[in-house]
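User: I am new to this structure and would like to learn how to read a few of its features, one after another.

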Amino acid sequence: MTPNLEVTPITEELAQHYHRVLELLGEDPTREGLLKTPMRVAKAMQVLTRGYDEDAHAVLLGALFKEDYNHMVIVKDIDFFSLCEHHMLPFYGKVHVAYIPNGYITGLSKIARVVDIFSHRLQVQERMTMQIRQCIDETLHPLGVMVVVEAKHMCMQMRGVEKQNSITTTSEFSGAFNQAKTRQEFMNLISH
């Protein structure tokens, strides 16, 4: 559930800019249907970019547990929504994460929270994939991490090339996942 954002000076300033954007597009921001649109968009943008205010490392450390489990832990089909930094249009899809613990595990929901934090920023899919992997690597120090992101990009669907069914897949891996056999095991386990 999205928190009801309080109106801050930043929210007010964003709303003023969106009011002007509507004018520049040829709209009348004073007509009934658009009266509250600048504030709605300002609040929406603050929600969609809230990842800048969150620390993904702290999230993982907040649920760190000593455990002698040293096999693959997979959290797959994590839904995400993000905004591409090039057009500020949505891209969305699924993230699949695996790590092999090295004495410590983290709460499973914390992996999904890490995905949320990095996806709630202006992004490119490639960087987001890398940031998720790096955060888990640097915080948990596991034997290996692998991240696969599958996404549809509205900037490819609504404008430009206008290809509605294309899916972009990116991957990042480290440690034990440098071995093709381990990567293939992960890919087999996440295949739909």
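User: How many aromatic pairs does the count come to?

Analyst: This is a predicted model, in which local features need pLDDT of at least 70 and side-chain atom pairs count only at pLDDT 80 or more, while totals for chains, interfaces and linings use all residues. Residues are numbered from 1 along each chain as its sequence is written, and side-chain values use heavy atoms, with hydrogens and water left out. Rings of Phe, Tyr and Trp (its six-membered ring) pair if their centres lie within 6.5 Å, and planes under 30 degrees apart count as stacked, over 60 as edge-to-face and the rest as tilted. By this rule the count comes to three aromatic pairs. In one of them, the ring centres of Phe80 and Phe91 are 5.7 Å apart and the planes stand at 70°, so this pair is edge-to-face.

User: Where do Phe80 and Phe91 lie?

Analyst: Strands (E, at least two residues) and helices (H or I, at least four) are DSSP runs, numbered from the N terminus. Phe80 belongs to strand E2 (residues 73-84) and Phe91 to strand E3 (residues 90-100), so the pair ties together parts that are 11 residues apart in sequence.

User: Is Phe80 buried or exposed?

Analyst: Buried means under 20% relative accessible area, exposed over 50%, and partly exposed in between (1.4 Å probe, protein chains only). Phe80 is buried, at 1%, and Phe91 also counts as buried, with a relative accessibility of 1%.

User: Which aromatic pair is stacked?

Analyst: Phe81 and Tyr92 form a stacked pair, with 6.3 Å from centre to centre and 25° between the planes. Phe81 lies in strand E2 and Tyr92 in strand E3, so this pair ties together parts 11 residues apart in sequence. Phe81 is exposed, with a relative accessible area of 57%, whereas Tyr92 is partly exposed at 27%.

User: At what angle do helix H1 and helix H2 pack?

Analyst: Two packed helices are described by the angle between their axes and the distance between the axes. Axes are lines fitted to C-alpha atoms, for helices over the stretch in contact, and angles run from 0 to 180 degrees between N-to-C directions. Helix H1 (residues 9-24) and helix H2 (residues 37-48) pack at about 125°, with their axes 8 Å apart. That makes H1 oblique to H2, given that angles under 35 degrees count as roughly parallel, over 145 as roughly antiparallel, 65 to 115 as roughly perpendicular and the rest as oblique.
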